[in-house]
Amino acid sequence: MGENGERVAIITGGSKGIGRAIILELAEPGLQIVFNHFDPPEDGSADETVSMVEAAGAHAEYARVDVSDHGAVKEFMGGVVERHGRIDVLINNAGITRDNFLMRMKEGDWDAVLSVNLKSAFNCIQAAARTMMKQHYGRIVSIASVVGIQGNAGQANYAASKAGMIGLTRSVAKEFASRNITANVVAPGYIETEMTAILPEEVKEAYMTTIPLARAGTPEDVAGAVKFLISEEAAYITGQVIHVNGGMLMA
Ligand SMILES: NC(=O)c1ccc[n+]([C@@H]2O[C@H](COP(=O)([O-])OP(=O)(O)OC[C@H]3O[C@@H](n4cnc5c(N)ncnc54)[C@H](O)[C@@H]3O)[C@@H](O)[C@H]2O)c1
């Protein structure tokens, strides 16, 4: 990563689940972690994440910022540059589901999922890119989903948002390659987090039958792939989709 001195990594949706696991995987002295979340104000998850990072000897700070709000993201990123001077890593992880079959899907549920999952990545990349271009260095990783590649009945909005993230990432990879900025996607399969805890038992069992490695993934499984993509070892990898799905889809 970057030059000597403190490096800066921004993770969206870092209060819990996969975002928190990514933060803990990256946490090391010399790395300033900045994350956001959009949990209810009384939820203490973001503070718990900070305590866990500090226990690992690193620094973390956060703000409650809606990633779908272009202006709010610009202000958040501007604040990071003002305080810390640079942005080495951007992880677009925040995401939501509003599942329903297409014929029953409300317009609001389509718009919410596309805004939080896809427009957010545009907002964050655009806000971070100027700083990364000036540095001639940047690592961008966006968390999509196996559903963005193979589709899923009842998740047309979510699948579209995750497929869109892949097209966005590949365009960004081409636009910014000359500035030594890489952009890649990690596409998880079925991972145990709050997002999937709400699924009915029969749906979880049906997923399990499709996984050759015969277990659900953990947030740490995903975090390991993200850590690799921002490492020096991955300096020549850009515009790619890394699948972390236990073999559920072999693409
Ligand atoms: N859990 C899975 O099986 C799975 C599989 C594939 C992909 N993913 C993707 O991984 C990412 C993380 O999922 P998770 O399972 O950890 O979810 P989670 O529900 O456990 O955590 C979601 C995080 O996103 C934040 N967030 C939600 N809306 C936001 C908004 N408008 N602005 C800012 N932050 C917001 C939440 O505050 C939280 O920190 C998502 O993009 C999800 O689509 C998850």
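Student: How far is an oxygen atom of the ligand from an N or O atom in the side chain of Asp39?

Tutor: This is a predicted model, where local features need pLDDT of at least 70, side-chain atom pairs count only at pLDDT 80 or more, and totals for chains, interfaces and linings use all residues. Residues are numbered from 1 along each chain as its sequence is written, and side-chain values use heavy atoms, with hydrogens and water left out. Between the ligand oxygen and that side-chain atom of Asp39, the distance is 2.6 Å.

Student: How much of the ligand's exposed area does the protein bury?

Tutor: Accessible areas come from the Shrake-Rupley method with a 1.4 Å probe, and for residues only the protein chains shown count as cover. The ligand taken alone exposes 840 Å². Of that area, the protein buries 93%.

Student: Which element gives the largest share of the shell around the ligand?

Tutor: The shell holds 30 residues (a heavy atom within 4 Å of the ligand), and the closest are Ser15, Asp39, Asn93, Tyr158 and Thr193. Helices are DSSP runs of H or I with at least four residues, strands are runs of E with at least two, and both are numbered from the N terminus. Two or more shell residues come from each of α1 (17-26), α6 and α7 (194-197). The largest share, three residues, is given by α7.

Student: Back to Asp39: which side chain does it join through a polar contact of 2.6 Å?

Tutor: Asp39 sits in the loop between β2 (31-37) and α2 (45-55), and leaving aside residues up to four places away in sequence, it touches Ser15, Lys16, Ser45 and Arg64 (heavy atoms within 4.5 Å). A polar contact is a pair of N or O atoms within 3.5 Å; within protein, one must be able to donate a hydrogen and the other to accept it, and residues adjacent in sequence count only if both atoms are side-chain atoms. The 2.6 Å polar contact joins Asp39 to the side chain of Ser15.

Student: Is Asp39 buried or exposed?

Tutor: Buried means under 20% relative accessible area, exposed over 50%, and partly exposed in between (1.4 Å probe, protein chains only). The relative accessibility of Asp39 is 11%, so Asp39 counts as buried.

Student: And Gln155, is that buried or exposed?

Tutor: Gln155 lies in the loop between α5 (147-150) and α6 (156-176). Not counting residues up to four places away in sequence, its contacts are Thr97, Asp99, Asn100, Val147 and Tyr207. Because its relative accessibility is 8%, Gln155 counts as buried.

Student: What is the C-alpha separation of Ala60 and Leu31?

Tutor: Ala60 is in strand β3 (residues 59-64) and is buried, with a relative accessible area of 13%. Beyond residues up to four places away in sequence, Ala60 touches Gln32, Ile33, Phe35, Val50 and Val53. Leu31 is 29 residues from Ala60 along the chain, and their C-alpha atoms are separated by 8.7 Å.

Student: What value is phi of Asn180 near?

Tutor: Most residues other than glycine have a negative phi. His136, in the loop between α4 (107-135) and β5 (138-143), has a positive phi near 55°. Asn180, in the loop between α6 and β6 (181-188), also has a positive phi, near 60°.
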